Amino acid sequence: MMKRDECFRILARHVTDQAVVATYSSAVDWVAIAPRVLNYTSIGAMGLDSSHGLGLALGRPDKRVVVLQGDGSLLMNLGSLVTIAAVAPKNLIHLVAQNDTYEANGGHPIPQPAVDFAGMARAAGYAAVYDFSDVRVFAQQVAHVLEQDGPVFVTLHVEPSQPLTYDYAALYDPKKREAFKAAWQARL
Amino acid sequence: MADDVTGTHADPRTLHGAGIIAAIKASGVEYILSVPDIVTSAGLLAPIAQDKNLRLIRVCKEDECIGIATGLAYSGKRALTLIQHTGFLDSINAIRGVAVEYKQPICMMIGLLQHEPDRAPRDSSRYGVRIAEPILDDMGIVHHLVSIDADVAKIRPAIEAAYREPHPLAFLIGRSPS
């Protein structure tokens, strides 16, 4: 079993000018590890992160979008797997950190722990699907995962993390949203 | 009766989909995000699906539209969400959290299922229709009723304002467009 923050540190070494959409626990970890203007944390409603990512990917087909979603969030928007596969954006990488819990809401289990998200994404029609449980294998393959044509789906099997501090005011800061918008639209 | 989408010579009780689509395109909208709605199915969604100047994204559930439209807005692209009022009701939290609280230009065109076209929505015998405008009012969302061709003139300035200011916006479609 991997640790989410460990995976994100590895991922951060390979992220350059991609938009990174992250929410809740994934956002707390990611923003601490990789504070950058192209972090998009303005989600507003649980589960919509994958849909925000699709909108960004459609809007800037010349750039790449990485979604860092939690398993509880994806369960609230499972249909987005089918929508994303149908639209088939080549520039979208959709990662789900699966710790089998609603970590931001008290650590309660998701309804069906060990549900096979990668299998769902494969059945929906994603162009490529990965399932990582070994951090060494993830480190070896992450560069390729980020570069290939999407939509790409990745499950990261991770442990629940230690209790996090959720500073939603900072995550959803309107100034950060405006800064993201300006940076994302740059060079249009 | 003249087939005039301006409504000048038309039957005042008609609503032409072609006029609505022209207004949508004139507003700079490039993307239509939709779950099918029987009110707008034949008069709007079907011709939009054939329109080479609009990109139709078919989604599985209406709240996806709110996220997709926001991502597009952050990218400088305009979208219209075309759904039924049942889908609007199902998406309230997404509309609250994203469109209203983040002041995003989420533009929705909402078919009022089983609405009696010659009544005001608030006077509908259908509970789901009757509550639509009060909910929009309580959420502070600008809304316009589009029931006859003369109402189509509201579309472009409302979308322009939604993106300029920005704020969410709803058009309630009170009659099946032909």
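**Terms and what backs them**

Reply: A:Val21 has A:Val67 as its bridge partner in strand 3 of chain A. This is a predicted model, where local features need pLDDT of at least 70, side-chain atom pairs count only at pLDDT 80 or more, and totals for chains, interfaces and linings use all residues. Residues are numbered from 1 along each chain as its sequence is written, with chains lettered from A and ligands numbered from 1 in the order in which they are written.

Me: What makes strand 1 and strand 3 of chain A a pair?
Reply: Two strands pair if DSSP finds at least two bridges between them. Strand 1 (residues 19-22) and strand 3 (residues 65-70) of chain A have 4 bridges, and they run parallel. Strands here are DSSP runs (E, at least two residues), helices are DSSP runs too (H or I, at least four), and both are numbered from the N terminus.

Me: Which strands of chain A are called edge strands?
Reply: Strand 2 (39-40) and strand 7 (128-132) of chain A, since each pairs on one side only. The open sheet has 6 strands in the order 2-1-3-4-8-7, with parallel pairing.

Me: What angle does helix 3 of chain A make with strand 3 of chain A?
Reply: About 175 degrees between their directions. Axes are lines fitted to C-alpha atoms, for helices over the stretch in contact, and angles run from 0 to 180 degrees between N-to-C directions. Helix 3 (residues 49-59) of chain A packs on the sheet and touches strand 1, strand 2, strand 3 and strand 4 (92-98) of chain A.

Me: Why is chain A called as compact as a globular protein of its length?
Reply: Chain A has 9 helices and 8 strands. Its radius of gyration is 15 Å, close to the 16 Å that the globule rule gives for 188 residues, so chain A is as compact as a globular protein of that length. The radius is taken over C-alpha atoms, and the rule is 2.2 Å times the number of residues to the power 0.38.

Me: Why are strand 2 and strand 5 of chain B said to stand at the edges?
Reply: The open sheet of chain B has 6 strands in the order 2-1-3-4-6-5, paired in parallel. Strand 2 and strand 5 (142-146) each have a single partner strand, so one side of each is left without a neighbour in the sheet.

Me: How do you know that helix 3 of chain B is mostly covered?
Reply: A residue is buried if 20 or more other C-beta atoms lie within 10 Å of its own, exposed if 12 or fewer, and partly exposed in between, with C-beta atoms placed from the backbone. In helix 3 of chain B, 13 of 13 residues are buried.

Me: How many residues of chain B are in contact with chain A?
Reply: 24 residues of chain B, against 25 residues of chain A. Contact means C-beta atoms, placed from the backbone, within 7 Å. Helix 3 of chain B gives the largest share of chain B's side, 10 residues. That side divides into 11 nonpolar, 7 polar and 6 charged residues. Nonpolar covers Ala, Val, Leu, Ile, Met, Phe, Trp, Tyr, Cys and Pro; charged covers Asp, Glu, Lys and Arg; the others, Gly among them, are polar.

Me: What is the predictor's confidence in chain B?
Reply: pLDDT is the predictor's confidence in each residue, from 0 to 100. Chain B has a mean of 93, and 94% of its residues reach 70 or more. Over residues 1-8 of chain B, pLDDT stays under 50. For the complex, the predictor gives an ipTM of 0.96 and a pTM of 0.95.

Methods: Contact = placed C-beta atoms within 7 Å.
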